[in-house]
Amino acid sequence: MTQFTRRNLLGMIGTAAGSSAMYYAMASMGHAAASNYAGPIKLDGDPKGAKVLILGAGLAGMTAALEMRAAGYQVEVLEYREKAGGRCWTLRSGDEYTELGGATQKVDFAQGNYINPGPWRLPHHHYAVMDYCKRLKVPLEPFIQTDYNAYVHSSDAFEGKPQRMGKIKTDYRGHVSELLAKAVDQGKLDEMVTEDDREMLIESLRSFGVLDEQNAYVKSLGTSGYRGYEKMPGGGADAAPVPSDLYDPSQVIQSRLWRSLAQHESLEHWAPMFQPVGGMDGIAQGFEREVGDLITYNAKVVSLQQDDSGVTVTWEDTAGGGTRTSTADYCVCTIPFSILGQIDHNLSAGLSNVISSMFYNGSTKVGLEFKRRFWEQDEQIYGGISYTDQAITQISYPSTGYQSDGPAVLLGCYTWRGADTFKFNAMQPAERIEWALRQGEKIHPQYRDEFKTGVAVSWHKVPWVLGCSGVWEDREAQGYEEAIKVDNRVVCAGEHLSYIPAWQEGAILSSLDAITRLHDKVING
Amino acid sequence: MKKIVLAIATLLPLCAVPAHAQPAQMSAYAEDTVFGSDGYTSTDGEELYQTLCAGCHMPDGSGAVGAGRYPALSDNPNLEYAAYPVTLIVNGQAGMPAFGTFLNDEQIVALVTYLQTDLGNDFEPDATVEDVAIARPASPADPNRAEHE
C-alpha cells in the first residue's frame, strides 16, 4: 500500500481535477484560509421529478432554486415582496419604501445614486459570494473600507475636532513603539525577550514606529513622511517640505481614537473589499436572471404543513387577492425566524423552539445626498469611512464616481444593536435624517449648506423581516444543530443558520449545506 | 404638552414627502433624544415607551402588520396583570429582544404602569420592583454583543 505524501496527493488532485480543485483541497489541508465553500455544488443522483417549494427569494432561496433546478428538481419559489433579493437590497432614485407604521419615503436621489440599506460590502474571502458573482456575471468594483485621510472623531478629544486617521495611526504606533523599544533597550523586558531577539525587535520597532537612531519618535521629515507634513514637498521655488508637529503621547492615548483603528484590521474588513457596480442588488438581479421564471411575487405565506406524503403551503396573493395553495414533495424554507414564528406550521418541536425563541438585531442606516462631493473637493477624502463616537458611528463616502460633479450619496449613519438603534427605530424617517445631519455636521461643517435629500431605514421596521439578522447568544444552548436538521420534508436556511450571521456569505453557505443534506435524503432516503 | 406634539408627529407618516433641506419636523421625544453609552435613563413610563417600544408597537400602541406583525398593545387583555409584560420586557420573546439589561427595575415598573393605564388600557397598575427582580435571569443576554458590524 503506497503511503501518500501530502505533496503527491495534491499533485494527483491537481492533475485530475484542475487547479481550482487543488486549491480547495489545499485550503482544507490548512495551507490557505479554509471556508466550507468547496466550489460549485454537485448534487449527483436523479431526484426523479421531485418537486421542491422554496419559501423566500433572498440569496438563500435563490441559491437553492438555482442549484436544485440544475439538479433536476421541479422548483417553485414564493416571495412576499414584489421583487427578488430580500435583504440584498438597494434604494435608488424613484424608489418608494414604506416602513411599518406607514411612513413612506420617496427616494429623491439623482439618477444613478443609491444606498444599500442592508449588506453593502463584500470581503474578498467570502468565497461563495465571490464565486456566485463570477458565475452570475455580477460586475464588482473595489469598496474602499480604509482611507487614511478619512477621519477618526471623538466628541471629547481634540476639542471635538475630527482627526485624520493617518496622523493618529502613525502617532499611536510611533509613541507605543518608542516606549517598547526603550523598555527593551533598558533591559526591562529581559524576562520576556531573549538576547538574540532583542536587537532584531528594536530594529523592527524603529521601522514599525518610524523611530530615530535613539529609538525616539520625533518631529522630522521622516515621521512626516508617514503622518503628513506641515507643508507638502513641491516643485520649483519655495517647495521644500516642512515637517509637522506630533501629537503628545498622552493626548493620543487619552483620545480613545485608537478604538477606530482596529475596525480596518479585522478579517471581515481586510482590504480589498468589493461591492457590486451600481448597488448591492446587482447580486439579487444576477440570481433573478437565472431563476426569476420560478418565482411568484407578492405571496404572503400563512401556513406551512407537512405530512408523510408532502408539503402544503397556503399563501395570500397580496397583489391579486385571494388565498392560494402550493404543494410539493419537499420544502426549503428561508423565511426569517422572526416571520416564520408567526406563521401556522407543524414543524418539529425542536425546530419550533428555536424558531420561536430567536430574536432579531436592529440596525439603522441613513443615506444622505449632497449637492457636491465636498469630502473630495474640500477634504481630499476619496471613499473610505470616518468613525465617530456619536450615535451615527460612521460616515462612509462613495467608492465610485470620484471627481464627478453633481450630487453624491454617502452613508451618514450605521448603527448596530444597542440602545441608540432603538432610539432611532422609535423615530420617524425625517427625524433620523435630522439626527444624522446634526451629528455629521460636527465632522463636516458643509453638511447643512450642501444637503439635498435623504432616506433612513430602521431594520426593526422593515415589514418583511422585522430586524436585520437572527441573533444567537449561545448556539449550543439554543439548539443550532436542531434548527439546521432536515425536519422530515422541510429544511430551513438563511444567514440566521450560519456562523456568519448578517453576511450574505452566511445565507449562501447555509443554503448550500441545507440543500446538500436534503438532496442526500431524497436520493438515499 | 408632549402628548400634543406627539399627536402631530403621528400624522407625519401620511405626508410622504422627501426629506429636503427644510428643517425637519421633530417630535418632542425625537428632539430631546440623548444618545450614547448611558442608554435609557428616563424613569418616566411614557417617555420610555415612546422612545423605545413605540418603534415597533407604534406611538399609539396599535402595532403593525407586514409579512409578520408586531402585536397591538392598546386594548390588550394580556396587560391586565403586570407579570406578563414584565417577563416579556425583561426576557424578550420570539422576535422581541430582551430589554432587561437596558432598563432597571424602577424603569420597568414605570413602563408597565404606563402600558396598563394608557394606550387605551385601563387596568389597575400592579407592577412592583420585586416582580421585576424575580423575572430577571441569572445571566442576562447582552444586547450589545455584536457578531457583526
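The model is predicted, and every value here is computed from it.

Now take the contacts in chain A with a separation of 6 or more: residues 24 or more positions apart account for 69% of them.

Next come the domains. The assignment for chain A gives domain 1 (1-34), domain 2 (51-85 + 281-358 + 469-524), domain 3 (91-149 + 271-276 + 361-461) and domain 4 (162-255). The centres of domain 3 and domain 4 of chain A, taken over C-alpha atoms, are separated by 34 Å. Their contact takes eight residues from domain 3 and five residues from domain 4.

Now look inside. A search of the whole structure finds five cavities of 30 Å³ or more. The largest cavity holds about 670 Å³ of space. Its lining has 47 residues, and the closest to its centre are A:Gly86, A:Arg87, A:Pro336, A:Trp464 and A:Val465. Five elements of chain A give two or more residues to this lining: helix H3 (59-70), strand E13 (299-306), strand E18 (363-370), strand E21 (408-416) and H19. By type, the lining divides into 27 nonpolar, 12 polar and eight charged residues.

Helix H19 spans residues 504-524 of chain A, and A:Gln504 is found in it. Is A:Gln504 buried or exposed? Its relative accessible area is 8%, so A:Gln504 is buried. Beyond its neighbours within four places in sequence, A:Gln504 is in contact with A:Leu59, A:Cys88, A:Pro119, A:Leu122, A:Val129, A:Met280 and A:Ile283. One of these partners shows how the chain folds back. A:Gln504 and A:Leu122 are 382 residues apart along the chain, yet 8.5 Å separates their C-alpha atoms.

The other element is strand E21 of chain A, where A:Trp416 lies. Its relative accessibility is 17%, so A:Trp416 counts as buried. A:Trp416 and A:Thr364 are 52 residues apart in sequence, but 7.0 Å apart in space, C-alpha to C-alpha.

Turn now to an open space. The second largest pocket holds about 780 Å³. It is lined by 35 residues, and B:His57, B:Pro71, B:Leu88, B:Gln93 and B:Met96 lie nearest its centre. Elements of chain A and chain B both take part. From chain A, helix H11 (337-340) and helix H12 (349-357) each supply at least two lining residues. From chain B, helix H3 (45-57), strand E2 (69-70), helix H4 (83-91) and helix H5 (105-117) do likewise. H3(B) gives the largest share, five residues. The lining of this pocket divides into 24 nonpolar, 10 polar and one charged.

B:Gly92 follows H4(B), with a positive phi near 75 degrees.

Finish with some backbone details in chain A. Most residues other than glycine have a negative phi, and most peptide bonds are trans. The peptide bond from A:Ala271 to A:Pro272 is cis, with omega near -5 degrees. A:Pro272 is found in the loop between helix H9 (258-261) and strand E11 (273-276). A:Lys48 is not a glycine, but has a positive phi of about 55 degrees. Its place is the loop between helix H2 (19-28) and strand E1 (51-55). With 72% relative accessibility, A:Lys48 counts as exposed. A:Asn488 is not a glycine either, and its phi is positive at about 60 degrees. This residue is found in the loop between helix H18 (480-484) and strand E23 (490-492). At 33% relative accessibility, A:Asn488 counts as partly exposed.

Technical notes. Residues are numbered from 1 along each chain as its sequence is written. Chains are lettered from A and ligands numbered from 1 in the order in which they are written. This is a predicted model: local features need pLDDT of at least 70, side-chain atom pairs count only at pLDDT 80 or more; totals for chains, interfaces and linings use all residues. Side-chain values use heavy atoms; hydrogens and water are left out. Helices (H or I, at least four residues) and strands (E, at least two) are DSSP runs, numbered from the N terminus. Buried means under 20% relative accessible area, exposed over 50%, partly exposed in between (1.4 Å probe, protein chains only). Contact means heavy atoms within 4.5 Å. On a 1 Å grid over the protein atoms alone, a cavity is a set of points where a 1.4 Å probe fits but cannot get out, and a pocket is an open set with protein on both sides within 12 Å along at least five of seven lines; lining residues have an atom within 4 Å of a point. Grid points are joined across faces, edges and corners, and a volume is the space filled by probe spheres set on the points. Ala, Val, Leu, Ile, Met, Phe, Trp, Tyr, Cys and Pro count as nonpolar, Asp, Glu, Lys and Arg as charged, and the others, Gly among them, as polar. Domain bounds come from an automatic or database domain assignment.
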